[in-house]
Amino acid sequence: MRKMIVNGHRGFPAKYPENTLISFEKAIELGVDAIEYDLHLTRDGKLVVTHDDEVSRCSNGHGVVEEMTFDELRKLDFGSWKSPEFAGEKIPLFSEVLDLVARKKPGLFQLVEVKRPDVECAKLAMAELKRRNLMDQFCLVSFHWNVLTEMKKLYPELLQHGDPNESMLWKPEFFKGMFRVGIYYETMSKELTDWFHSQNVLVDAWTINTEELLDRMIEMGADSITSNDPELMLRLLEARGMR
């Protein structure tokens with residue numbers, strides 16, 4: 001039976017505060033195939049790892065990331081919202097996540113999502129990967145085609161992971177050279193998966209957190225899943241002989 005790839009979505013947020021170093025560390029210790037995380041650019045040009053444009057959901061502060069300096073963001077608590085035991089967790093720099101992976105599991109595949117249509121953010125991230133000779137261990141994720149298009153021009157070797165929508169779904173030229181697409185579970189279908197496979201594009205289903213959804217994605221032919229609970233997904237897949 002085929003193996004199902006498991007990506008830790010923002011690390012292991014079912015149990016740990018998302019997009020923090022402890023969340024990534026615990027996902028890596030579980031044995032995930034990859035970790036996925038989100039990048040934003042601060043006002044003073046630092047690459048930080050957080051999902052939302054605004055910090056209030058996952059910290060004790062308020063403000064828009066791109067309007068704040070790194071020092072301002074670093075003073076905030078990004079752990080207590082999840083549980084008091086994570087009080088004091090800080091927003092990580094992109095470089096700190098790379099350093100963590102280098103220590104814990106060198107060579108681990110990583111999916112880095114540029115959250116905004118910000119080409120400069122993507123350029124800085126790719127330059128850092130190039131400097132560290134890590135381009136072959138990364139896939140650039142973006143919902144923004146200007147980011148994907150510009151980065152492919154600059155880095156033809158870059159693996160890319162796009163998000164199809166209704167307007168571009170049946171236009172193969174949009175996916176020429178694409179490594180993988182991410183499809184929200186509610187819009188997944190066997191026909192959709194088969195079509196992308198016919199274009200030599202892998203299919204990732206997100207965000208898969210229950211046994212029922214996992215089995216549906218297996219039936220639809222997904223190549224990988226992105227999950228908030230990689231511990232559960234790995235256990236279920238092992239029981240199905242897919243690990």
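Q: What makes a residue a contact of Tyr 37 in this predicted model, and which residues outside its sequence neighbourhood qualify?
A: Contact means heavy atoms within 4.5 Å. Leaving aside neighbours within four places in sequence, Tyr 37 is in contact by that rule with Asn 19, Phe 24, Val 49, Phe 94, Val 97, Leu 98, Gln 110, Leu 111, Val 112, Glu 113 and Phe 138.

Q: Which residues touch the most other members of the largest nonpolar core?
A: This core has 65 residues, and Ile 35, Tyr 37, Phe 94 and Met 126 are those that touch the most other members. Apart from it lies another core, of 11 residues, among them Val 55, Val 65, Leu 73 and Ile 91.

Q: Why is Glu 186 called exposed?
A: The relative accessible area of Glu 186 is 54%, and exposed means over 50%, so Glu 186 is classed as exposed.

Q: Why do Cys 58 and Cys 139 count as buried?
A: Buried means under 20% relative accessible area; Cys 58 has a relative accessibility of 7% and Cys 139 one of 0%, and therefore both count as buried.

Q: What makes up the lining of the largest pocket, and which residues lie nearest its centre?
A: The lining consists of 19 residues, of which His 9, Glu 36, Glu 113, Phe 143 and Trp 206 lie nearest the centre. Strands E2 (34-41), E4 (109-114), E5 (138-142), E6 (159-162) and E8 (202-206) are the elements that give two or more residues to this lining, which divides into four nonpolar, eight polar and seven charged residues. About 220 Å³ of space lies in this pocket.

Q: Which element gives the largest share of the lining of the second largest pocket?
A: Helix H5 (residues 145-154) gives the largest share, five residues. The lining includes Trp 145, Leu 148, Glu 173 and Met 178, and the pocket has a volume of about 170 Å³.

Definitions and conventions
Residues numbered from 1 in each chain as written. Predicted model: local features only at pLDDT ≥ 70, side-chain atom pairs only at ≥ 80, totals over all residues. Heavy atoms only, no water. 1 Å grid on protein atoms, 1.4 Å probe; cavity = no way out; pocket = protein on both sides within 12 Å on 5 of 7 lines; lining within 4 Å. Points joined across faces, edges and corners; volume = space filled by probe spheres on them. Helix = DSSP H or I, 4+ residues; strand = E, 2+ residues; numbered from the N terminus. Nonpolar A, V, L, I, M, F, W, Y, C, P; charged D, E, K, R; others polar. Buried < 20%, exposed > 50% of the residue type's maximum accessible area, 1.4 Å probe, protein only. Core = buried A, V, L, I, M, F, W, Y, C linked by side-chain atoms within 4.5 Å.
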